[in-house]
Amino acid sequence: MAWNKPGNNGKDNDPWGGGQRGGDKGPPDLDEVIRNLTGKFSGLFGGSGGKPNKGSGGGQSSGGLSPGLLTGMVVVAAVIWGFLGFYMVDEAERGVVLRFGRVIDETVQPGLHWNPPIIDEVNLVNVSELNAKTYENRAMLTTDENIIDIAVTVQYRIEDPVDYIIAVSNPERSLDNAAESAIRHEVGSNFMDQILTTGREQMAAAVEERLQDYMEIYDTGIRVARVNVVDAQPPDAVRPAFDDVIRAREDEQRAQNQAQQYANQRIPEARGEAQRQIEQANAYKEEVIAKAEGEASRFNQLFTEYEKAPEVTRQRLYIEAMQDVMTASTKIMIDVEGGNNMLYVPLDKIMEQNTGSPGRLASGTSQELRDLANQLAPYLPGPSSGVAVDRTRLNNGRGGRQQ
């Protein structure tokens with residue numbers, strides 16, 4: 001489509017707004033359009049917005065940046081530079097400001113702050129976060145010349161931001177090297193069975209103390225919070241043998257616990273039994289002493305009565321002795337004086353017939369004893385034989401007596 005198509009009134013339509021042009025004229029020059037726009041932009045900052053001068057011979061002079069444009073660019077750059085100097089410090093962070101490598105502000109507190117960018121370098125350090133690293137070491141030699149695989153976790157915080165930033169070039173690498181050294185030193189100072197069983201806590205405490213000493217010597221600004229021995233195992237080639245050793249040690253400990261439990265149960269019982277026997281012995285001693293004193297007192301009283309009436313006392317003692325003997329017997333043999341026969345009196349059988357149940361003669365009532373005396377009367381000799389029976393004592397429940 002031709003832009004120079006003849007229109008009304010014989011005029012050409014020029015899309016560049018140039019009006020009627022001759023057939024040999026094209027669109028305006030691009031350099032001229034750029035110079036016009038530059039002039040208008042310079043006018044906004046106080047520069048001359050006139051048309052550029054033409055050189056001699058009809059040539060156009062090359063355009064340059066005006067002082068107003070340069071000033072504007074400097075102002076915009078200054079605003080951007082100042083805006084980049086603002087920064088925010090979180091609650092858990094602290095800032096360290098370096099100006100050309102020199103510390104000018106050691107601890108920048110939380111909040112909004114401004115420092116000139118490019119000139120000052122701001123380093124933000126998180127001092128509240130608890131960091132953790134795990135170190136796995138294989139084939140470490142113990143003091144008893146055994147090999148062990150161990151994994152240790154180190155928990156730490158950044159205590160001094162300035163030392164953490166400027167004291168050492170790489171504090172994290174320093175921590176790694178120091179942890180490796182401390183772990184190897186403590187493993188080499190302990191026996192293998194201690195590390196595998198009961199010595200883990202002691203070893204972890206020793207590693208923590210030694211590692212913190214290293215951090216203070218290096219001025220890393222790191223504070224070791226805790227060291228944990230996560231895992232400690234013998235090498236795979238000898239692990240079954242060590243597992244057997246551990247099981248045997250556990251069996252030993254279990255047997256010791258059972259023995260201690262049995263001892264704790266039996267010792268109080270034995271002490272109680274011993275105390276009971278002591279109390280019984282003391283009671284028996286008191287009983288024997290009291291009985292002996294009573295017998296002695298009774299003998300003294302009896303001796304006094306004997307001195308008063310020896311014959312009567314002797315007869316009474318004889319009768320009491322015979323009563324004790326005859327009361328404890330269920331069968332009585334009576335020798336009849338002047339005869340060859342011996343009278344047998346089965347008291348137990350007689351008591352069974354009378355009472356229906358066996359019993360001792362001393363346990364019968366007065367009526368039963370009278371009945372028994374009547375039954376024995378036919379078997380006893382008469383007064384002419386020289387043997388008399390004390391029926392009064394039989395009636396009183398004291399049994400038969402020979403006189």
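Predicted model: local features only at pLDDT ≥ 70, side-chain atom pairs only at ≥ 80, totals over all residues.
Of the chain's 403 residues, 24% count as buried. If you look at contacts with a separation of 6 or more, 59% of them involve residues 24 or more positions apart.

Now zoom in on a pair of helices. Helix 4 covers residues 171-188 and helix 6 covers residues 200-218; their axes come within 9 Å and cross at roughly 140 degrees. An angle over 145 degrees would count as roughly antiparallel, so helix 4 and helix 6 are oblique to each other instead. As for handedness, the crossing of helix 4 and helix 6 is right-handed.

Which residues do the touching? On the helix 4 side they include Ser 174, Leu 175, Ala 178, Ile 183, His 185, Glu 186 and Val 187, and among their partners in helix 6 are Met 203, Val 207, Arg 210, Leu 211, Tyr 214 and Met 215. Sorted by class, this contact has 13 nonpolar, three polar and two charged residues.

Some of these names come back in the largest nonpolar core. That core has 30 residues, and the ones touching the most other members are Ile 150, Ile 183, Val 187, Leu 211 and Met 215. At least two core residues come from each of these elements: strand 6 (131-141), strand 7 (147-158), helix 4, helix 5 (192-196), helix 6 and strand 8 (222-233). In soluble globular proteins, nonpolar side chains tend to be buried together.

Setting aside neighbours within four places in sequence, Ile 183 is in contact with Tyr 135, Asn 137, Met 140, Ile 150, Val 152, Met 203 and Val 207.

Is Ser 174 buried or exposed? Its relative accessible area is 17%, so Ser 174 is buried. Apart from residues within four places in sequence, Ser 174 is in contact with Val 168, Met 215 and Thr 220.

Over in helix 6 you'll find Arg 210. Arg 210 has a relative accessibility of 25%, so it counts as partly exposed. Not counting residues up to four places away in sequence, Arg 210 touches Ala 182, His 185 and Glu 186. Arg 210 and Ile 183 are 27 residues apart along the chain, and their C-alpha atoms are separated by 9.0 Å.

Note on methods:
Residues numbered from 1 in each chain as written. Heavy atoms only, no water. Axes fitted to C-alpha atoms, helices over the stretch in contact; angles between N-to-C directions. Helix = DSSP H or I, 4+ residues; strand = E, 2+ residues; numbered from the N terminus. Parallel < 35°, antiparallel > 145°, perpendicular 65-115°, else oblique. Left-handed = near helix turned anticlockwise from the far one by under 90°. Contact = heavy atoms within 4.5 Å. Nonpolar A, V, L, I, M, F, W, Y, C, P; charged D, E, K, R; others polar. Core = buried A, V, L, I, M, F, W, Y, C linked by side-chain atoms within 4.5 Å. Buried < 20%, exposed > 50% of the residue type's maximum accessible area, 1.4 Å probe, protein only.
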